[in-house]
Amino acid sequence: MTLLVHLAVQIVQMLVVLLAAPLLTGLVRKVKARLLRRRGPPLLQPYRDLVKLVKKETIVAKSASWLFRVIPYLVFAATWVAAALVPTFATGLLFSWSADLIAITALLGSARFFLALAGMDVGTSFGGIGSSREMMFATLAEPAMLMVVFSLALIAGSTQLSTVAAFMLSPAVGVRVSLGLAMIGLVIVALAENARIPVDNPATHLELTMVHEAMVLEYSGRHLAMIELSAQLKLLLYVSLIACIFVPFGLAPTGAAPGALLLGAAAYLAKLAGAGALLALFETSVAKMRVFRVPDFIGVALMLGLLATLLRFVSREM
Amino acid sequence: MNRLAFDIAHLLAGGLVLTSFMLLYQDRLYALLNVFALQALTLALAVGWQAHIQHAPHLYITAAIAVFFKALVIPVALHRMVARLGVHREVETVVSLVPTMLAGIGLVALSMVVMLRVTHGADPLAREDLAFALSVILLGLLMMVTRSNAVSQVVGFMSLENGLILAAAGAKGMPLVVEISVAFSVLIALIVIGIFLFRIRERFDTVDLQALDDFRGERR
């Protein structure tokens, strides 16, 4: 019986991330537009876009191999699994024994690898540019992410997200400089990985600057819908990750009553809305960087991660 | 010791190391000077907190000196110097940014390994302060080595001094006379360095110290 309840919670969690992802993207676009004194598209526009793309005819280049057709589904599956492993409204999910931060990083890394392959598969110049830039950023962003994970694991004593969140809720956590550094590092990695503004602008198709868009330029129809949905899922994943690690308030504990679960869901929605508004505010207040400045920017995240790990060694428990 | 007190001391001393890295990261002279003022403020907070938890009121004077001289007088003086020298507002580096940062991380790791081994069994607060102070000193040295512009070398020297003061505040029983004399020696150093800066500029029309190498015929 308890197994059934746990399974139901896990399934609800998977559906919640899938359904909330386009909404978060819509919210960010809406707030950004309002900040620029435009009216902006309606909140539900991303859903309509996805439906429209699925209905459209899919055109594949002649030079594309079977990989090109398979990759959208692979990327989507990897991202969805990773997003479903992050606790959103409740910890101690059924699959949390496997919901290891390193596993999530690996899933995202393989999704990125396949996307870069797809960019080069057709053989157009834009795809190659996008893939090479994406990999250039990834060589710094991925170690930075891992360093942040290591410093968190050193502090909380585990890479399991449920355990980390429980530790962050306990009074043992205190004021720590390592945690602050890790949070800033994780935010920078999230901005870089989601192609947000200082690194990349997902709203333009300007050949000088585009990274992610250049990679997926050849996709159309339902393939493009899959890719867009996985990009939205990735944004939601990073927001939930930051919320679950650094602001875990309201998370329902293992085997909680329905009331606690509802409270957790409400807190989660509030966190999503807050994060979306903050992201939009940040994106309207900074300018896009030159592509060759970006490694310096992501290098800061790597440095912060390293520093957080080092500073942990001289803290209280040394 | 109270855990929260330790955590706040750790936070402030760690913030000092972080501002040292921010100094290494800057590529504009004015931004560099502003970050230097921020570092001095962090130092003052760290020293003030030490005064509070050690019940050592003379450390408050050290904190006040740090705020007045290092966060106000020196940055303003350097701002005016840069304006009068009319030098490039960009920091000229000898080694590029990312290797410098990695070297900085290596230095921090080194200072932690050294200090934690050497001070085994001492008071944890003093141990941690000494480790952070050594890393701030080494980062200041690194900054002096990797910059070719004289103004940013001065900033590196001053941030090195900040590390010394943190170490002095962490070690209990440092007499006030020594701290005041250190503060004044820094001020004298600033004046001497300022005079030298103008002399170098008069002689070579630049404050890039690589011009000195050319002059001595030591061109790399």
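I began by writing down what "buried" means: a residue with under 20% relative accessible area, whereas exposed means over 50% and partly exposed lies in between (1.4 Å probe, protein chains only). I also noted that helices are DSSP runs of H or I with at least four residues, numbered from the N terminus.

**Ground rules.** I am reading a predicted model, so local features need pLDDT of at least 70 and side-chain atom pairs count only at pLDDT 80 or more, while totals for chains, interfaces and linings use all residues. Residues are numbered from 1 along each chain as its sequence is written, chains are lettered from A in the order in which they are written, and side-chain values use heavy atoms, with hydrogens and water left out.

**Helix α11 of chain A.** I looked up how well α11(A) is covered, and 18 of its 19 residues are buried. Next I checked its length. The expected span is 1.5 Å times one less than the number of residues. For residues 294-312 that gives 27 Å, and the end C-alpha atoms are 27 Å apart, so the two agree.

**A nonpolar patch.** I found a nonpolar surface patch of about 730 Å², made by Leu4(A), Leu7(A), Ile11(A), Leu15(A), Leu19(A), Phe95(A) and Trp97(A). Patch residues have over 30% relative accessible area and no salt bridge; nonpolar side chains (Val, Leu, Ile, Met, Phe, Trp, Tyr) are joined within 5 Å, and like charges within 9 Å. The areas come from the Shrake-Rupley method with a 1.4 Å probe. I picked out Leu4(A), which lies in helix α1 (residues 2-35) and is exposed at 55% relative accessible area.

**Two positive phi angles.** Ala195(A) is not a glycine, yet its phi is positive, about 55°. I located Ala195(A) in the loop between α7 (177-193) and α8 (212-215) of chain A, and it is buried at 7% relative accessibility. His55(B) is not a glycine either, and its phi is also about 55°. His55(B) sits in the loop between α2 (29-54) and α3 (58-85) of chain B, and it counts as exposed because its relative accessibility is 69%.

**Where the chains meet.** I looked up contacts (heavy atoms within 4.5 Å), and 22 residues of chain A touch 27 residues of chain B. The buried area, meaning the accessible area (1.4 Å probe) lost on putting two parts together, summed over both, is about 2,100 Å², with 77% from carbon and sulfur atoms.

**Salt bridges.** My rule here is a side-chain nitrogen of Lys or Arg within 4 Å of a carboxyl oxygen of Asp or Glu.

My last pair was Glu283(A) with Arg196(A), at 2.9 Å. Glu283(A) is in helix α10 (residues 258-285) and Arg196(A) in the loop between α7 and α8, 87 residues apart. Both Glu283(A) and Arg196(A) are buried.
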